[in-house]
Amino acid sequence: MKKLLLSINNLSVNVEHKKILSKFKLDIKEQEVHAIMGPNGSGKSTLAYTIMGHPKYQVTSGKIIFKNKNILNLSADKRAKLGLFLSFQTPLEIPGLNYFSFLRNSYISTYNKKISVLEFNLLVKKQTKLLHIDDSFLSRALNVGFSGGEKKRAEILQLNLLNPSLAILDETDSGLDVDSLKLVCKSINNLKKENPNFSVIVITHHKKILDFLKPDFVHVMNEGEIIKSGDKSFANNIEKNGFTKIIDEYKKLKPK
Ligand code: ADP
Ligand code: MG
């Protein structure tokens with residue numbers, strides 16, 4: 001039987017004193033792909049940041065259990081060491097921080113082991129080839145002057161190097177052309193093949209990425225909670241009909 005990897009229960013979260021997530025609940029087992037869709041501002045990115053431990057997102061109730069550990073008191077770097085990874089909706093540009101050094105340092109701190117520049121270079125070059133990233137990017141500052149799609153591919157390269165147990169992809173498909181989207185999804189599907197406990201949360205507005213990643217579950221979020229879940233075919237329904245009907249139906253049934 002597949003083991004539970006992440007269990008979120010009764011999670012409420014404030015940002016700047018405003019309640020964004022409300023009694024949120026989600027269980028993810030090993031080797032599962034969960035898609036999260038929902039209107040703008042429904043709290044999808046808030047959920048991603050909260051799982052990763054961003055200090056601005058204040059948990060007011062509930063639990064996040066990852067690999068049988070309550071992670072709420074752990075800092076983001078400790079969560080990364082445990083096997084969590086977040087690909088940002090808007091990756092930050094950091095002038096002066098060399099992309100290659102950034103990758104090597106995050107690898108060393110996540111795995112807690114030294115790796116020579118030469119050895120690491122071999123690992124990275126394998127990934128740049130797979131993701132069609134020009135090697136000249138490695139000597140540039142992190143994300144500075146990268147196009148939207150290049151930033152997303154640069155993050156997926158980092159994901160491949162760190163090989164986490166749970167990857168959260170926050171709108172990774174935005175800004176990617178269809179060829180890049182295929183490359184990115186292929187490398188994510190490879191991680192799934194190679195790592196028996198690898199699971200993914202895909203936050204997206206588009207069905208296309210789900211055609212490649214084949215989610216086991218598709219959830220719709222609205223006003224900080226999951227209001228409906230279904231299987232892969234649910235995404236077709238959402239693309240065709242939007243969220244309004246789903247939200248109205250939920251509001252009619254929800255106890256006041
Ligand atoms: P989604 O990713 O579903 O579009 P978000 O989680 O980004 O939604 O945002 C949910 C709500 O929380 C929005 O109303 C947004 O303005 C607010 N919010 C999120 N992050 C912050 C922040 N750092 N400061 C202030 N408000 C925020
Ligand atoms: Mg968002």
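1. A word to begin with: a residue counts as buried when its relative accessible area is under 20%. By that rule, Phe137 and Phe146 are both buried. Please keep in mind that this is a predicted model.

2. Phe137 and Phe146 are also partners. Their rings form an edge-to-face aromatic pair, 4.8 Å centre to centre with 70° between the planes. Phe137 has a charged neighbour as well: Arg140 lies over the face of its ring, at 4.6 Å from the ring centre.

3. Aromatic pairs come to 7 in this model. One of them joins Tyr107 and Phe120, with 5.4 Å between the centres and 55° between the planes, and is classed as tilted. Tyr107 belongs to helix α3 and Phe120 to helix α4, so this pair ties together parts that are 13 residues apart in sequence. What is the relative accessibility of Phe120? At 0%, Phe120 counts as buried; Tyr107, with a relative accessible area of 8%, is buried too.

4. Tyr107 and Phe120 belong to one aromatic cluster together with Phe100 and Tyr111. Over the face of Tyr111 lies Lys113, at 5.6 Å from the ring centre.

5. Now to the metal. Which residues coordinate the magnesium ion (ligand 2)? They are Ser45, through OG, and Gln89, through OE1, at 2.1 to 2.2 Å. Ser45 sits in helix α1 (residues 44-52) and Gln89 in the loop between β6 (84-87) and β7 (94-98), so the pair ties together parts that are 44 residues apart in sequence. Ser45 is buried, because its relative accessible area is 19% and the limit for that class is under 20%. Gln89, at 30%, is partly exposed.

6. The largest pocket holds about 810 Å³ of space. Of its 32 lining residues, Ala80, Leu86, Phe88, Phe102 and Gln158 are the closest to the centre. At least two lining residues come from each of α1, α2 (76-82), β6, α3 (99-111) and α5 (148-162), and α3 gives the largest share, 6 residues. By class, this lining has 18 nonpolar, 11 polar and 3 charged residues.

7. What about the second largest pocket? About 280 Å³ of space lies there. It is lined by 13 residues, and those closest to its centre are Lys126, Gln127, Asn160, Leu191 and Glu194. Two or more lining residues come from each of α3, α4 (117-130), α5 and α6 (178-194). The lining divides into 6 nonpolar, 5 polar and 2 charged residues.

Technical notes
Residues numbered from 1 in each chain as written. Chains lettered and ligands numbered in written order. Predicted model: local features only at pLDDT ≥ 70, side-chain atom pairs only at ≥ 80, totals over all residues. Heavy atoms only, no water. Donors = N, O, S within 2.8 Å, 3.2 Å for Na, K, Ca; no water. Helix = DSSP H or I, 4+ residues; strand = E, 2+ residues; numbered from the N terminus. Buried < 20%, exposed > 50% of the residue type's maximum accessible area, 1.4 Å probe, protein only. 1 Å grid on protein atoms, 1.4 Å probe; cavity = no way out; pocket = protein on both sides within 12 Å on 5 of 7 lines; lining within 4 Å. Points joined across faces, edges and corners; volume = space filled by probe spheres on them. Nonpolar A, V, L, I, M, F, W, Y, C, P; charged D, E, K, R; others polar. Phe/Tyr/Trp six-rings, centres within 6.5 Å; stacked < 30°, edge-to-face > 60°. Lys NZ or Arg CZ within 6 Å of the ring centre and 35° of its normal.
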